[in-house]
Number of protein chains: 2
Amino acid sequence: MSSDNPQREVLWAGRFLDVVRINRWEFVQRKNITGIVGIVPVTNDGKLVLLEQYRPPIGGKVIELPAGLVGDVPGNRSEPLEAAARRELHEETGYEARRMEVLFEGCVTPGLCDETISFFLATDLYKTADGGGDETEDIIVHEVPLGAVMDFLAEQQRKGFFIDLKVYSALFFLQREIVERQED
Amino acid sequence: MSSDNPQREVLWAGRFLDVVRINRWEFVQRKNITGIVGIVPVTNDGKLVLLEQYRPPIGGKVIELPAGLVGDVPGNRSEPLEAAARRELHEETGYEARRMEVLFEGCVTPGLCDETISFFLATDLYKTADGGGDETEDIIVHEVPLGAVMDFLAEQQRKGFFIDLKVYSALFFLQREIVERQED
């Protein structure tokens, strides 16, 4: 509705989402957030930390990386991305990380939604809680040796679970990291 | 609204999307489709075929793989996934493929939308048209040698373009394919 984008029309305004139209394109915007973060946590003994949780939109269990919305906590709109990544990592897995660095970023469904995600590699981990998510979440944490991740994912698919494709994006970057460190 | 899922409530019904609530969870369902396909096209001289297109939801140019909705063409609701992948590949890139095989599948934003995507590896390609999409699309096709894809993507990001994270998922599987073929 702003003057620099006169064709933007809010078709429906919800609690967490708005549906917007620009020309003939219907899409979704998340409300009250400043960003989205994902975390690629790797333990000191070389295990990738993955989550298993039921996702209502998909109607099934999903294997995915820790992730969360930024700036959605009342009174904390200006939360930096890295702080949000640390918060989500701790809430969902119980881990804290001595080292966090941006691993990759991009969009996930640019024909449907405005969201982009920044993924942090979290290493030098130490556990200070059980994880499992906040009071609205019911998360099972899996720690899988990097060399066994593909077998683990295939097993979850056989059980009828969905794999979030961002897990494979993370595996691509983890492989590059491992190759680079070997070359150092 | 079906009896086996009594909590499902349609909050808003659009032309292409519905907003649905189950318990406290607001999410989006695409209408009038039976699936989504993506294509990972690799030319005979080892180039990955990528698209550049402006995406209204994100308000910018995105580098992404060919992809499209299945069953959204009137009169063709029962279109098989592979046929849809071939149709989208041809519309968007001008290529036809002598070989198509499922490479990976999963979900992309399971907290927001019910969509899952099946990606096909398309090889043994031959060009029969210019590509560029249908009359509603404005697509630039890039053919990038596999060894130069990461440099290409970094250059696009420097220009302010977004990278669809599914490109990295595809690169992960392409690397595995290459390793497996070398081991054969």
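Colleague: What should I know about the model and its labels before reading any feature?

Modeller: This is a predicted model, in which local features need pLDDT of at least 70 and side-chain atom pairs count only at pLDDT 80 or more, while totals for chains, interfaces and linings use all residues. Residues are numbered from 1 along each chain as its sequence is written, and chains are lettered from A and ligands numbered from 1 in the order in which they are written.

Colleague: Into which domains is chain A divided?

Modeller: Domain bounds come from an automatic or database domain assignment. Here chain A is split into domain 1 (1-31) and domain 2 (34-183), and the C-alpha centres of these two domains of chain A lie 29 Å apart. Their contact (C-beta atoms, placed from the backbone, within 7 Å) takes 4 residues from domain 1 of chain A and 4 residues from domain 2 of chain A. On the domain 1 side there are 2 nonpolar, 1 polar and 1 charged residues, where Ala, Val, Leu, Ile, Met, Phe, Trp, Tyr, Cys and Pro count as nonpolar, Asp, Glu, Lys and Arg as charged, and the others, Gly among them, as polar.

Colleague: In what order do the strands of the 4-stranded open sheet of chain A lie?

Modeller: That sheet has the order E7-E4-E9-E8 in chain A, and its pairing is mixed. Strand E7 (67-70) and strand E8 (95-107) of chain A stand at the edges. E8(A) pairs with strand E9 (residues 116-127) of chain A in the antiparallel sense over 11 bridges, and Glu101(A) stands opposite Leu121(A) in E9(A). In chain B, 11 bridges likewise join E8(B) to E9(B), which run antiparallel, whereas strand E4 (residues 35-41) of chain B runs parallel to E9(B), with 6 bridges. Ile36(B) stands opposite Ile117(B) in E9(B).

Colleague: Which residues have the most contacts inside the largest nonpolar core?

Modeller: In soluble globular proteins, nonpolar side chains tend to be buried together. A nonpolar core is a set of buried Ala, Val, Leu, Ile, Met, Phe, Trp, Tyr and Cys residues joined through C-beta atoms within 7 Å. The largest has 81 residues, and Val167(A) and Val167(B) have the most contacts inside it. Apart from it lies another core, of 14 residues, among them Val20(A) and Val28(B).

Colleague: How many residues does each chain give to the contact between chain A and chain B?

Modeller: Each side is counted separately, with 41 residues from chain B and 41 residues from chain A. The largest share of the chain B side, 6 residues, comes from H3(B), and by class that side has 27 nonpolar, 7 polar and 7 charged residues.

Colleague: Is Val62(B) buried or exposed?

Modeller: A residue is buried if 20 or more other C-beta atoms, placed from the backbone, lie within 10 Å of its own, exposed if 12 or fewer, and partly exposed in between. Val62(B), in strand E6 of chain B, is buried because 21 other C-beta atoms lie within 10 Å. Leaving aside residues up to four places away in sequence, its contacts include Cys107(A), Pro110(A) and Phe161(B). By contrast, Thr116(B), with 17 C-beta neighbours inside 10 Å, counts as partly exposed. Thr116(B) lies in strand E9 of chain B, and its contacts, with the sequence neighbours up to four places away left out, include Phe162(A) and Ile36(B).

Key:
Contact = placed C-beta atoms within 7 Å. Pairing = 2+ DSSP bridges. Helix = DSSP H or I, 4+ residues; strand = E, 2+ residues; numbered from the N terminus.
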